[in-house]
Amino acid sequence: MSAALPFLPFSRPTIDEATITAVGEVLRSGWITSGPKVAAFEARMSEYFGGRPVRTFNSGTCTMEIALRIAGIGPGDEVITTPISWVATANVIIEVGATPVFADIDPLTRNIDLDLVEAAITPRTKAIIPVYLSGLPVDMDRLYAIAKKHGLRVVEDAAQAFGAEWRGQRIGAFGDFVSFSFQANKNLTTGEGGALVLNNLEEAKLAEKYRLQGVTRSGVDGIDVDVLGGKYNMSDIMAAIGLGQFANVEAITAHRRALARRYYEAFGPAFEAQSGAQLPLQAFDSSNYHLFQIILPDRGPTTRADFMRAMQERFNVGTGYHYAPIHLFSLYRARGFKEGMFPVAEKVGRLTVTLPMFYAMTTADVDRAVAAVKAILIP
Ligand SMILES: *Cc1c(COP(=O)(O)O)cnc(C)c1O
C-alpha cells in the first residue's frame, strides 16, 4: 500500500519561481560569469556573518583547499580531521601536500572528539578541520581554546552547517576560516558552489587570486600573476540561485528544525529501546538538521543494505549513506591507515543511515518515513 505513494527522496532542492526568473535575467543580461550577482551574493553573506569578508568559489571542496593555501599549509605539515565526512575533507589536505591525521569521533554527536584532537597534536600540526556533521557544530569554545593553546589554524568544514548556531551566534560569524558548500543537496544551494568566511581583506585578496589563476589587475590594462592559482570562480548564474535561496534562509532552517522535532515525536521515547537503533542528538538551538541520521542496531533484524533496499522497495522511501570512514578507502589505506584505528567511526560508518530531510518535505512525509523504519526494525 505504501509503495503506491510517490517516491520520497532523502533530499531534494527547492528552487522557487522568483529564483528561476532571476536566473533567466542573468542569462539574458549578456554577463553570465563572475560579475554583479557574485558581488551581491558575497555582500549578502558578509552582512549575514556580521561583516566578516566572504568570497565564493565553484565548490565546497576547492573552498577548503584555498583556505589551507591561504594559511600557508603544505608539505611537512599535519592537519587533524575526522574520519566521518565526505572524502573531500581529507582529500584537500593531501591536495596541498600536507599529511592528514585522523581523530576518532564522539559516539553521541558523531563529530570529531576534541579530546582525541588534543591527543593527536604533534610539533608538525598546523591546522584542524572539524566537520559539523548533519549541521551540528562541535563545542566551539573548546575547539578554539585548543587552537589558541597550540597555535593552530582552523578551517571549519561547515559544508552542512549554513544556518546552524553556537550559543546564539551563527556558524560563520566568528572563528577562523569557515567553509560552506552549496552543492545540490545542501541546505542552501547554487547547484554547485562554495563560500569562505575569512578574517580580513588581506586573506580575501589572496582568496581572489587563488580562485582565478593568481591574477591581480590594475589600471586599464595592468596584469600580474604572483601566486599559482586555479579556476575556481563562481558564475553569476550560480550566484543568482544563491541569492534566491538566501532570501529564505531563516525559513529553511526553521522548517528543518520543525521536521526534526516531528521525527523525535513520531519515533517516540520507546523507539531506541525497542529497536536498538540510535537517534541523533537533540540540538534545536544549534543544529540546522541538514541530515537526520539514525544508527542501526549492531545485531538487528537487517543489514544496512537490506534496510535501505526495504525502505525503497517496500515503502518507496529513499535513504542515504553519509559517510564511509575515510581512512578505510584504498587511497588512505595506502598511506598506512587500517581497520581498528578509529573504532567509533568504523561502527558509525557501518551502521549509519540518512532518512529523508529537505525543505519541501511535510510532517506527513516524516510520519511515513518513521512508520517504514519501525516496520522494518521492530517486526
Ligand atoms: C558537501 C560536502 C563537502 C564538499 O562540498 P562540495 O561543494 O561538494 O565540494 C565537504 N564536506 C562536507 C562535510 C560536505 O557535506
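Author: Tyr289 sits in the loop that runs between helix H10 (271–275) and strand S12 (292–295); helices (H or I, at least four residues) and strands (E, at least two) are DSSP runs numbered from the N terminus. Although Tyr289 is not a glycine, its phi is positive, at about 50°. Please keep in mind that this is a predicted model, where local features need pLDDT of at least 70 and side-chain atom pairs count only at pLDDT 80 or more, while totals for chains, interfaces and linings use all residues. Residues are numbered from 1 along each chain as its sequence is written, and side-chain values use heavy atoms, with hydrogens and water left out.

Another backbone feature is the cis peptide bond that joins His322 and Tyr323, with omega at about 15°. Tyr323 belongs to the loop between helix H11 (304–315) and helix H12 (330–333).

Now for the domains. The domain assignment, whose bounds come from an automatic or database source, gives domain 1 (17–246) and domain 2 (249–377). Their C-alpha centres are 25 Å apart. Domain 1 brings 40 residues to the contact and domain 2 brings 37, where contact means heavy atoms within 4.5 Å. About 3,100 Å² is buried between the two domains, and carbon and sulfur atoms give 58% of that area; buried area here is the accessible area (1.4 Å probe) that two parts lose on being put together, summed over both. On the domain 1 side, Phe102, Arg110 and Asn187 supply 22% of the area buried against domain 2, more than any other three residues.

Across this interface the rule finds two salt bridges, each a side-chain nitrogen of Lys or Arg within 4 Å of a carboxyl oxygen of Asp or Glu. There are also 19 residue pairs in polar contact across the interface, both residues at pLDDT 80 or more. Such a contact is a pair of N or O atoms within 3.5 Å; within protein, one must be able to donate a hydrogen and the other to accept it, and residues adjacent in sequence count only if both atoms are side-chain atoms. Helix H4 (88–95), strand S3 (99–102) and helix H8 (236–246) each give at least two residues to the side of domain 1 that touches domain 2.

The whole structure has 18 salt bridges. In one of them, Arg257 pairs with Glu165, their closest N and O atoms being 2.8 Å apart. Glu42 also forms a salt bridge with Arg211, with closest N and O atoms 2.9 Å apart. That pair links distant parts of the chain, as Glu42 lies in helix H2 (residues 36–48) and Arg211 in helix H7 (residues 201–211), 169 residues apart.
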